[in-house]
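Please work through the following exercises with the sequence and the model at hand. Each task is followed by a solution in steps.

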Amino acid sequence: MRILILYGSQTGTAQDVAEQLWRDSKKRNFDGLVMAMDDYQIQQLTEEYLVLFVVATTGDGKEPDNMRNTWKFLLKRNLPVDSLSNLQFACLGLGDSSYAKFNYAAKKLNKRLQQLGAQPIIPLALADDQHDYGSNAVVIPWMTNVWEEVEERLCLNFRNVENLHETFFFKWHCCRLDHTAILDEDNYHLLWPHRQTPTHSFKLINNVRTTDPSHFQDVRFIQFEVPESATWLPGDIIEIHPHNSKKQIDEFFALVQEHELDFDSNTLVRMSSNHQGMILPKCYSKPLNVRQMATYIWDLSAKPRRRFFELLALNCEDNMEKEKLLEFTTSDGLEEVLNYINRPRRTVLEVLQDFRHATSKLTLEIFIEMFSFIQTRSFSIASCVESKTLDLLVAVVEYRTKMSSPRLGLCSNWLKCLKIGDNILGCLKRGTMQLPKELSTPLIMIGPGTGIAPFRSIIQKLTINQNDLNSHKSLMWIFFGCRNRSKDFHFQNDLELWHKQNHIKLVVAFSRDQDHKIYVQHLIEENSQELKKLIKECNAYVYVAGSSTNMPKAVKEAFINVLDKDEAYVEKMFKINRYQEETWS
């Protein structure tokens with residue numbers, strides 16, 4: 001019996017869930033494939049009988065990059081309404097409810113498949129990263145429901161499938177090579193192991209802390225030279241692939257040495273796929289050694305996922321450790337995962353150190369299967385291409401939990417440690433912001449904290465192109481917010497100069513410089529008369545950028561108040577892209 005499992009994944013989580021479904025299907029003797037949607041010939045969907053979809057949502061309700069071509073095809077108006085009438089499907093969405101368009105991609109796909117005649121075997125399920133148990137609170141029971149429904153519909157018997165040995169279901173075959181084999185000096189496939197192209201090489205020319213030393217957070221102004229081939233528009237982003245730190249890499253190989261495992265940093269391997277239709281990742285396209293994997297490929301900072309625990313338990317001979325690891329993979333173990341992994345933010349390396357008996361039985365083949373890949377991180381570009389530099393404003397992630405060492409964000413700390421003259425690869429992409437075609441359209445921009453970055457690129461471009469600037473006639477409002485004027489007023493000199501030159505109207509909220517806290521939403525309401533006129537009479541566009549936690553909702557409520565409680569008008573602005581949000585968690 002054939003089953004097809006398709007995913008749309010931006011950070012690897014949806015892919016991980018889809019591959020777990022694929023392994024479960026193999027246990028049940030299904031013959032099928034798992035792949036990104038855009039790797040599948042979507043025209044053949046009419047010939048499928050049973051398909052499982054796992055779909056993440058990225059950005060402002062957007063579908064992931066590796067399903068966008070598929071989605072464009074499914075939206076074609078000339079597709080017959082019964083074209084998928086033979087298809088039965090189930091759809092799982094992975095999202096974050098701190099975003100307004102929660103699980104939007106999965107909702108759209110589920111609706112469109114039914115419009116084309118496909119029949120859902122169970123209702124759409126929407127996993128939420130904000131849940132205490134994470135997405136697994138929905139994912140694990142949804143998987144159980146899927147297989148129960150498939151068993152009933154197809155009159156199959158899936159008893160005892162959980163007792164099957166996992167070895168056969170490894171994705172990759174690892175062939176060890178002689179140490180004397182010569183490595184290919186071209187390591188582009190490791191420095192950029194992703195499909196997104198084209199990439200450009202950027203040379204670092206500035207990397208300084210912009211916040212006062214007494215401020216709780218290190219925010220970096222990072223500046224790169226721009227190669228002639230690179231171009232972007234205001235509001236665009238750059239994707240960056242970070243590397244693990246030397247400390248993490250050393251800790252990993254210390255574990256390998258302590259447990260006397262059967263490989264070292266110089267062990268050289270050639271990778272191939274164990275299954276027909278399973279596409280070999282770009283990073284495994286050439287022979288590589290374990291140090292390269294531990295540096296460029298494996299995410300040693302990641303929280304362990306379900307598959308990690310399964311594989312760590314695979315060869316474990318200690319009954320207590322094995323039992324606990326397998327408990328972590330079940331619905332009954334979600335509370336344990338919350339307390340052991342999610343709340344303290346334990347990393348995969350720390351789990352390996354805790355489960356010493358299990359770690360001592362690991363092989364290189366298991367490590368290759370168990371580690372998730374480092375994913376790209378996206379940053380709003382804070383400069384325009386005419387400035388001849390690519391500028392970033394990066395908040396360095398470092399915080400404490402009950403763990404003895406602080407939790408460190410992989411990419412922000414990697415960027416922090418870059419030296420002048422270092423080169424990195426980056427992929428330039430369109431951001432979610434769409435500027436109005438008419439230059440005379442007023443812009444109201446709200447960017448507290450590092451959310452100011454994309455707006456600096458917009459204003460900078462207009463100041464460089466004087467003709468464009470004259471068209472605006474100071475109809476650009478900037479609402480910026482931070483804690484203290486003297487400690488974290490990002491781009492203070494630029495913003496105050498542009499305000500003095502009457503290029504922008506700058507309004508700043510310093511939340512801790514007085515007894516009562518003041519935020520950007522308060523200042524929006526204080527300027528309600530002027531803002532209402534710009535919105536209602538001049539068709540102003542509103543842009544919001546920054547943290548997705550409380551700020552976007554508070555700002556939206558402020559604009560509703562500005563418009564005399566006319567919530568319907570604000571919702572209409574969202575629909576026609578006159579009100580846009582670019583937020584992150």
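The exercises below treat a sheet, a nonpolar core and a set of aromatic pairs in this predicted model.

**Exercise 1. The annotated span**

Describe the span that the UniProt annotation "domain: FAD-binding FR-type" covers.

*Solution.* 
Step 1. According to the unreviewed UniProt entry, this annotation covers residues 197-436.
Step 2. In the model, residues 197-436 are 30% helix and 22% strand. The end C-alpha atoms of this span lie 27 Å apart.

**Exercise 2. The core**

Which residues touch the most other members of the largest nonpolar core?

*Solution.* 
Step 1. The core holds 77 residues, and Phe252 and Trp298 touch the most other members.
Step 2. Leaving aside residues up to four places away in sequence, Phe252 touches Phe263, Val290, Ala294, Trp298, Leu300, Leu349, Phe367 and Phe371.
Step 3. In soluble globular proteins, nonpolar side chains tend to be buried together.

**Exercise 3. Aromatic pairs**

Classify the aromatic pair of Trp298 and Phe371, then that of Phe328 and Tyr340, and explain which parts of the chain each pair ties together.

*Solution.* 
Step 1. The model has 24 aromatic pairs. Trp298 and Phe371 form a tilted one, with 5.0 Å centre to centre and 40° between the planes.
Step 2. Trp298 lies in the loop between helix H7 (290-297) and helix H8 (306-314), and Phe371 in the loop between helix H13 (364-370) and E13, so the pair ties together parts 73 residues apart in sequence.
Step 3. Trp298 is buried at a relative accessible area of 0%, and Phe371 is buried at 4%.
Step 4. Phe328 and Tyr340 are stacked, with 5.5 Å centre to centre and 10° between the planes.
Step 5. Phe328 lies in the loop between helix H9 (319-327) and helix H10 (334-342), and Tyr340 in helix H10, so this pair ties together parts 12 residues apart in sequence.
Step 6. Phe328 counts as buried at 5% relative accessibility, as does Tyr340 at 15%.
Step 7. Ring pairs link residues including Phe252, Trp298, Phe328, Tyr340 and Phe371 into a cluster.

Technical notes:
Residues numbered from 1 in each chain as written. Predicted model: local features only at pLDDT ≥ 70, side-chain atom pairs only at ≥ 80, totals over all residues. Heavy atoms only, no water. Core = buried A, V, L, I, M, F, W, Y, C linked by side-chain atoms within 4.5 Å. Buried < 20%, exposed > 50% of the residue type's maximum accessible area, 1.4 Å probe, protein only. Contact = heavy atoms within 4.5 Å. UniProt positions renumbered as here; feature names shortened; annotations may be inferred. Helix = DSSP H or I, 4+ residues; strand = E, 2+ residues; numbered from the N terminus. Phe/Tyr/Trp six-rings, centres within 6.5 Å; stacked < 30°, edge-to-face > 60°.
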